[in-house]
Structure formats: C-alpha cells, structure tokens
Amino acid sequence: MSTLDNSYVRFQNVRKTYDGEILVVKDFNLDIAQGEFVTMLGPSGSGKTTCLMMLAGFESATQGEIYIDGTPVNNLAPHKRDIGMVFQNYALFPHLTIAENLSFPLKVRKLSKSDIEQKVKRALDMIELPQVAGRRPGQLSGGQQQRVALARALVFEPKLVLMDEPLGALDKQLREQMQYEIKHLHERLGITVLYVTHDQTEALTMSDRIAVFNQGVVQQLASPTELYEQPANSFVAQFIGENNKLSGKVEKIGNDRCVVSVEGCNVQALPVNVYQSGEATTLSIRPERIQINPENDFDNRFDARVLELIYHGDHMRTRVELMNHDQFIVKVPNGSRPLEIRKGDLVQVGWLSRDCRALDASSGQA
Amino acid sequence: MKYEAITTSTLVEPPLDIDARKRLKQQLRQAERWNRSKAFLLVVPLLLFVGITFVMPIIEMLHRSVYDPLVADSLPRTVAALKQWDRQQLPEEAIYAVLAEELVSLQEQHELSKVAGRLNSEYSGMRSLLSKSARRLSRKDTITRLIDTGSVRTAMIDIDQRWSDIAPWAAIKNLSSRYTLSYYLAALDMRYDENGEISAQPEQRQIYKTLLLKTFAISALITALCLILGYPLAHLLATLPESRSNLLMIMVLLPFWTSLLVRTTSWIVLLQTEGVINDVLIHLGLISERLRMIHNMFGTVIAMTHILLPFMVLPLYSVMKNISPSYMRAARSLGAKPGYAFIHIYLPQTLPGIGAGAILTFILSIGFYITPALVGGRSGQMISNFIAYHMQTSLNWGLAAALGGILLAMVLLLYSVYNRLVGINNLKVG
Ligand SMILES: Nc1ncnc2c1ncn2[C@@H]1O[C@H](COP(=O)(O)OP(=O)(O)OP(=O)(O)O)[C@@H](O)[C@H]1O
Ligand SMILES: [Mg+2]
C-alpha cells in the first residue's frame, strides 16, 4: 500500500469488543511515523490499554488491520513482533535478579555470553543504576524499578516501544524527572514510541502528537500546541488544560465570527463546530486568555462579581460570577503591577473573540 | 548526579549511634511485651488442647516404641539369672529351675499367654513351647521334687527337644531389658540374633522394609499424579474470571463435603469387576475380559489421588492467583516463545505452591489408612494398615509405635530437606 510509505505503525479501522456487546474501541485509525512519539490520552476505561495490547499482540482486533512497518500483524504471535514494552506495574520478573531480567530478551535471542554481559552493563549504565545488577526487583524502589523496566524494554534494541502508564505509580517529582529522561532516550535512540497516560501534562510535555480518547473514539489527533490552542470539540477542550464553558445558542454566523447568546448576553466567538444560526453550542475559553478590566481592543466585555480568590504564587485564581454562571475562572498573572481586587468586587472581564471557540453542544458532559 | 538533588533533600537524619539504638530497642521490647503476653493468653486454650491431644500421645507413642517391661516383669528371676549367661552353652540346672518355677506360677495366675506371645514374636514357636512346658511341669510332677533331685533340665528337655537348644534362652535374654530397640529393629526387618547381635530377619519374615519402600513409592506416585492433574486445573482456576472460577472452585472443594467413606465406596462401585467402568469397556468392545481395578494397588492409587487432589490444587491456586498475567505478557513481548516463557517465568514463580502442595499430599498419603484398607486388597496395603493391624489384631503396640515412630521420622526428615532446599518460609498453603 502506498499510503504506508511514511507510517511505521498503522491502525486501520480497528474495532474491538471483549464481550460481543460493547465496542471498547470504535473505528480506530492512527498512523505513526518512524521515530515519532505518540501519546494516547484519555480517561479511565476509554480503551487505551486495549489498543496497546492489540498492537503488542495480546488481544486480537475484532475488525480492521494493524500494520507494523508495512506488514499486517494481526496473525503474528507477540514474541515475533519485536516490540519493547513497559507495563504499568513494571512486570519485572520477581525471581530473577536485575541483571537476569535485563538479559532475558537477549538470551531468548541467543546472543553470545559476552555480548549479553556487555549490553546489560551498558543498559544499567544508561539508567545510572550499575550497582543494582545483583539485586531482586523487590529490593528496589519504585523509581528504580521503573528505570529497570525501561532498560529491559530497550536492551534488545526494538524499533518500537510501547509504554502503558509507566509513571503512574511514581510521586510527582520523580515522575517529572522520568518524563524528561524518557523523552531524552527517545531522541537519542531514534525509537518510535507509543505512550499511554491519563495525565494530560505528561502528554503535553512529552509527545510529538497526542490522540485524545474518549469511549473508544479518538476525539482529536494533533500536536500538543494544536490540541491546547485549537481543541476540536468540547470534550478535548475540557480534558486538556483548564477551560471555562458557557452554553448558548448561535444567533448569527459569519465566516470567522459568530454571535452566541448566553443567558441574554451576546458573545462574539470563533465558529468551530457550528454551522447555522439557532444551533446550540458550548463556548470554550481558557482562563488565562481572560482579563479583568480588559484592554480596549477586547471585543467581549461583561460585568462580573468576584466570588473567590486563591493565591497560586505566579498567578491568582479568581472565581467570578458571570452570566448566572458561578464557576467562571480567570487566571490573573502576578505581574509587576498586581491588580487590587477583593472578594465581592464588581469588575469587568473580557476576552478576544478568537480565543472564544464555539464548539459542539452535545458532548459537554466532561 | 542528576538524582543528587532528590537524595540530599530526602536524607536528613544521620544514623543513630549504638547506645541510642540499644535504648530504642529496649523501649520497643517494653512496648511489645504487653502485646505479646496478650497474644499468648489468647492461644493458651489452643496450646493446652494441642498439648493434651497431640504432643502427649506422640510422646507416649515414642516411649512405647522403646519400652518393653513385659518379660522383665513376668520373669524377673530368670532374667536376673540369665544376666551372667554367656550364650555359648545351655544354661545351668539352676536357671532351668528358676524358669520352671516362674512358668508354673504364671500359669497358675493365667498370666503366661501374654509373655509367651511377646516372646513368640522374637522366636517363633515360643508360645507353644512355653505353654506346653508350663502345663506339663505343673501337672506331671510337683516341681519341687524335680528341683530337689536337680533334674529340671532333663525333664524340660524331655518335654520338648527345643530346650536343648540355646535359641529360646537367647530369646528371653534379648527381651530382658525394659528399654529396647527391638521394636525398631523389627520394624526394619532386623532382630537381635542368638548372640545378641543385630542381624537381618530371615528372608521369609522380612516385610516392613519393602512395605516402607512401597508406601513411599505409592505416595510419590500419588503426589506426582496430583501435581500433573492439579497444576493445569489450578492454573485455569487462577486465570478464569471470578464468576466462573468460583463455580469450578466449588467443584474442587466438593470432595471435602462428602464423607471419605462414601467417596471410597463409590470408587468400589465404579471400579469393581462387575462395576460400571468394566461394564462400559466390555460394552464398547474395548476389552474382552473384565479388568481387576480394585482391591489392588491400582485401586489405592486411583482413589487416593482423587481424595488428595484438593490438597494439591489449593496451595497451587493461592500462589498462581497472585502471579500477575503481565509477567507472561512481558516475557512474550521480550521475545520468548510460550513454552520458554512458561518454563523460565511462570513455573519458577509457582515453585512455592508446588512445594507446599507436594509436601502436603505426600505427607498425607504416607499416613493414609481408610482408603487402602477398603480398596487396597493385599497389594495396595500401606504402612498405616500394618500399624492398625498391630494395634487392633496382633496387639503388638510396641511394634505399631515403632512403625509410627519411623513414619514420623521420615516426615520430619522430608520437612528438613524441603527446608534446606526451598526454605519453609516459602511454603504457601493458603
Ligand atoms: N479483558 C477484558 N475483558 C473484558 N473487558 C475488558 C477487558 N479489558 C478491558 N476491558 C474493558 O474495556 C474497556 C477499556 O479498557 P482499557 O483497559 O483499554 O482502558 P484504559 O483506557 O486503558 O483505562 P485505564 O486508564 O484505566 O487503564 C473498559 O471498559 C474495560 O472494562
Ligand atoms: Mg490502561
């Protein structure tokens, strides 16, 4: 197939059901280029692990085809796929030492003893844990186990590595450290990575592209910037980053501008998922794009009342009541000229119409 | 170096010095003392129960296996007189006289048969020899006259030629001490010979060594069968979804809910010559002659394997249940074929379960009694059936106790070997 030329991994119309009743994955399509870092992001139970397991060969696709490097792999046994895999709970073999764990894939591949020794040593150096070679997994800390699991998935030099929430069990500081290191390894080794997480910050900081999952459907597949700046629907807007949403009805619609009435106020917005007047819609505005006492060129400005102020160091999280909506959040940067506002103050808030996206009304459930 | 920032911020306190550590330990001990005595009080009833019903009987049994006062108590003067005897030639007239007197008085008190029976197990024919002599000595002449004329020896040899042999005397002397190893020797097909030395039993009287070996072989076979049958079953149980594995588990446990006797009897119904299985096989034309499948070793092995299977499955299940399927997946993703992954990753992790199941099954089967007694016939008898025989029929409790002692020693030995190899702490039963 000609379209496979530049894609290393390809899911084509893949569907999956476990019980014959519920489709856990619905019509999944994904192309991953060689060397790319793609993340699947989504809430619990959305089918991320299932997709990963189908790629690794532990679950079979109910329908559709999966290709690796141009060859269909639906009927290929897992051990023949040459995929490195990092499991959520690490799955280090508890009865083997760290060195034996690392040499397992090499022994299976019948490498010579000296080769194995050398590679294991190099892998341990890479994760900066040369001293743990003789220990059992149970004698390592969570972070160390995590690094060993990573080394084990890489030691036999697979071209494709799958990681299923590898950092889920680590504390925040260590998690950030490891994110950085995984990213680094990815760049240095030029491997293709398919990564699963339900932590959106992790996804945003690590990935070349992100596939946002919900209920077995990819909601949007795009780069982190695009995902954040231009969410395609209200689920993505809500799931990635913080978001204010206002429900309303389209009054007037033009090419790059529409007017939406929310509780009797007319809001200028950018039409994304709306096509005609009279349609219901959800407006999505990022809290950091809203100003209190806005500048002159802001084409949306409304009266609001300050309900709550929370100090966050670099910014002040301000909750205001606006258009009968009391969960409206504004992030006020802690600049050199801080704003003097107090709880109960009446203020004006405003935003630019291009920062206010008129999305679909339906999936506003998140 | 990258992690320095983390480690330095989390490590703050310097390690305690020795004194401080000692004090800390003492405080800990004090704090725990109350807890410990509370725990002890809680188990006192159990300890008493176990002590009275388990430990004391075992001690009593071990004592019985070496304590044999019968001959020393019944024939005290003969025993004393034989002390100086050198086993080289027949004892002197005086010793014959002492024995004759004691035999007669035992006969009068109706106490003779017990001693005679005990001596008979040492030297066969002794029972008849003693009772015959006692009868004749007390009837024909008054014993005093014989003693006066110094002709007891001739008279006794007259009564029975065997008194001209040293063997009956050796038998009495061999059994004359209160504490003896003779039961253990008998249990291992050995005995004290006429010279008072340990030697093997005559060929035709050797049964226990082969019996012990057979018991071990049957138990090993049953253990192996249980493992072969139980391992896949336990694996299935551990990997099936809860709803279905529960049902299967109930079926595994079902045997526990029916009486052992009922189960064993139903095996008789199935396996006997006129039984269901033979009928079916004949009907299908697979065999032309009915097979003998019960009242032999085959029957014992089949029925006991069935009965002991849960003891293998349960420990295996509890170990397998805790092995995450991701290990096998990890092994497969690292390039291992299913078989290789099983042998190198799954199997080693189930070893504690295999060990526990095997040791449990084996120990239970070497002491098993009812099933071999009911379906074992002659060839399917095990050591415990002989223990029961000596307890109930031959009333040779000393030998029964010695056989039991040997069984106990074997189990302990097995346990310590297992401990050496695997470590008892790795035993996982539930
Ligand atoms: N082996 C299975 N049998 C039946 N249903 C399953 C099985 N594995 C997963 N499911 C179902 O499939 C759906 C998707 O599961 P999956 O594990 O792919 O979610 P996930 O996105 O990885 O979630 P999480 O973030 O919690 O790991 C869930 O509703 C789950 O209940
Ligand atoms: Mg998952």
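**The ligand site and what lies beyond it**

A polar side-chain atom of S44(A) lies 2.4 Å from an oxygen atom of ligand 1 in this predicted model. Another oxygen atom of ligand 1 or that one is 3.1 Å from an N or O atom in the side chain of E165(A), and a nitrogen atom of ligand 1 has a polar side-chain atom of Y18(A) at 3.4 Å. Taken alone, ligand 1 exposes 630 Å², and the protein buries 58% of that (Shrake-Rupley areas, 1.4 Å probe).

Residues are numbered from 1 along each chain as written, with chains lettered from A and ligands numbered from 1 in written order. Local features need pLDDT of at least 70 and side-chain atom pairs 80 or more, while totals for chains, interfaces and linings use all residues, and side-chain values rest on heavy atoms, without hydrogens or water.

Beyond the ligand, the contact between the two chains (heavy atoms within 4.5 Å) takes 29 residues from chain A and 22 residues from chain B. Chain A and chain B bury about 2300 Å² between them, 63% of it on carbon and sulfur atoms (accessible area lost on joining, 1.4 Å probe, summed over both). On the chain A side, H79(A), H95(A) and F104(A) supply 24% of the area buried against chain B, more than any other three residues.

One salt bridge is found across this interface (Lys or Arg side-chain nitrogen within 4 Å of an Asp or Glu carboxyl oxygen), and a salt bridge joins the side chains of E59(A) and R329(B) at 3.6 Å, N to O. Four elements of chain A, namely β6 (83-86), α2 (98-108), α4 (142-154) and α5 (172-189), each supply at least two residues of the side that touches chain B. Of that side, α2(A) gives the most, with four residues.

Over all chains the structure holds 26 salt bridges. Within chain A, the side chains of R10(A) and D31(A) meet in a salt bridge at 2.7 Å, N to O. Because R10(A) lies in strand β1 (residues 9-17) and D31(A) in strand β2 (residues 23-32), both of chain A, the pair ties together parts that are 21 residues apart in sequence. In general, side chains of opposite charge can pair when their charged atoms come close.

Note on methods
A polar contact is a pair of N or O atoms within 3.5 Å; within protein, one must be able to donate a hydrogen and the other to accept it, and residues adjacent in sequence count only if both atoms are side-chain atoms. Buried area is the accessible area (1.4 Å probe) that two parts lose on being put together, summed over both.
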